[in-house]
Amino acid sequence: MRRRAIILAAALLVGGAAAALLISRGGKESAPHTTSTGRTTRPSPRPKPKPRPRPSRFSWPVYGFDAARTHAAPPLALHPPFRKLWTVHGDWSLIEFPPVLEHGRLFLGTNHGLVLAVQALSGRVLWHRQFAGCVAASPAVGDGVVYLGFMDPPPCTGTEPSFVAALEARTGRTLWRFRAGVVETPPLLAGGRVYFGSWDHRVYAVDARTGRLAWSFATGDRVKAGVALADGTIFAASYDGRLYALDARSGRLRWSAGGGGLGGLYATPSVEHGRVFVGSTDGRVYAFAARTGVPLWATATGSFVYSPAALSGGTAYVGSYDHRLYALSQATGAIRWTFDAGAPISGAPTVLDRLVYFSTCGSCSSYESNPRARRTFAVDAHTGRLVWRFPDGEYSPVIADRERVYLTGYTAVYGLVPR
């Protein structure tokens, strides 16, 4: 700026200009100029630059919104119907889990290993990274770092060991990798550590800054679900049919529950009001006392329950492969209402502004496949009445900030605003 001012002033002196030119960082006007007719004019003032929209400070840092995986956000005043602002297609492969959000940026991955950072306001892709392994879960984000788990390369059969990676949120640069078995779980970032499970039958805690192992715990089978955290306890579900409660600092076992006829636990646990809720492949939803592991109730649905429970207002909302969304009393497991969506429900619902959002699967079941079934619904949380629907979806559909809703379809993410 200073060099420009010197050159410009020299040019004016050579030309014999009588007026002094004032240049400052504040952008002040130049002196008046007298024309040949004697009329005094001033140059037009510089247009003020338009203020850049500030990114929302609201964050959605982990799958399920919070460490307890309640899948319920505080009031955001975002109500359907919605208008579509933008659409982002990754690499046209399945986006299995929703993105996370920090500082106005969305972070997500695809089944073909493409990782994207997207500007929430415009849908512009800020950076992308291509990895060899599948991304089959949401990342976690915090303090400018994105954490992702990877399965083996497509078709993601779980035949090769894999890793968790930490990426710089601003650029996508890899900060560290931690080698483990197949990682299908959404990482949980809390207290300076990253917690996740693996198909190698272990739950891990690693240092979020360095990627060094803090502890690991062996379960009886694969850990496909994410872990939840409440009151210093990590809750992890395993395909051995057991729910494990581990000390978050040491990894020491506090209790385990289930086993036997409980069925494989694929759903990520959810925790609220001293209870842990988890769905099972045996078609039931279970509740346990968070402090002791004592079984509290079990409620049967008509098929597999891969869906985690969304928790709000004393109700647990959970989907089943029997095509129904269930609203269950958190205290007793009693069914308050059901909604028949006409297709399997595999992903977690999201509770947002007294509505429950969920998607139906077009291809997540080997028993039935129908691409036209890929839809997203919003129903009244109190009554189950249908309020809105969207013609795309597959697993867990919706996250939000204070300005927009971000909906995950089969191969695309949509930015939506109320009409």
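Which residues lie nearest the centre of the largest cavity? They are Gly64, His71, Pro98, Thr350 and Val398, out of 14 residues that line the cavity. A cavity here is a set of points on a 1 Å grid, over the protein atoms alone, where a 1.4 Å probe fits but cannot get out, and lining residues have an atom within 4 Å of a point. The lining divides into nine nonpolar, five polar and no charged residues, with Gly counted as polar. About 80 Å³ of space lies in this cavity, the volume being the space filled by probe spheres set on the points, which are joined across faces, edges and corners. The count is one cavity of 30 Å³ or more.

Some ground rules. This is a predicted model, where local features need pLDDT of at least 70, side-chain atom pairs count only at pLDDT 80 or more, and totals for chains, interfaces and linings use all residues. Residues are numbered from 1 along each chain as its sequence is written, and side-chain values use heavy atoms, with hydrogens and water left out.

Now the sheet. Four strands form an open, antiparallel sheet in the order β8-β9-β10-β11; strands are DSSP runs (E, at least two residues) numbered from the N terminus, and a pair needs at least two bridges. At the edges, β8 (140-142) and β11 (174-180) each pair on one side only. Six bridges join β10 (residues 162-168) to β11, and Val164 stands opposite Phe178 in β11.

Last, confidence. The pLDDT, the predictor's per-residue confidence from 0 to 100, averages 89 over the chain, and 86% of the residues score at least 70. Residues 1-44 fall below 50. Where pLDDT is low, the predicted coordinates should not be read in detail.

Terms used
Contact = heavy atoms within 4.5 Å. 1 Å grid on protein atoms, 1.4 Å probe; cavity = no way out; pocket = protein on both sides within 12 Å on 5 of 7 lines; lining within 4 Å.
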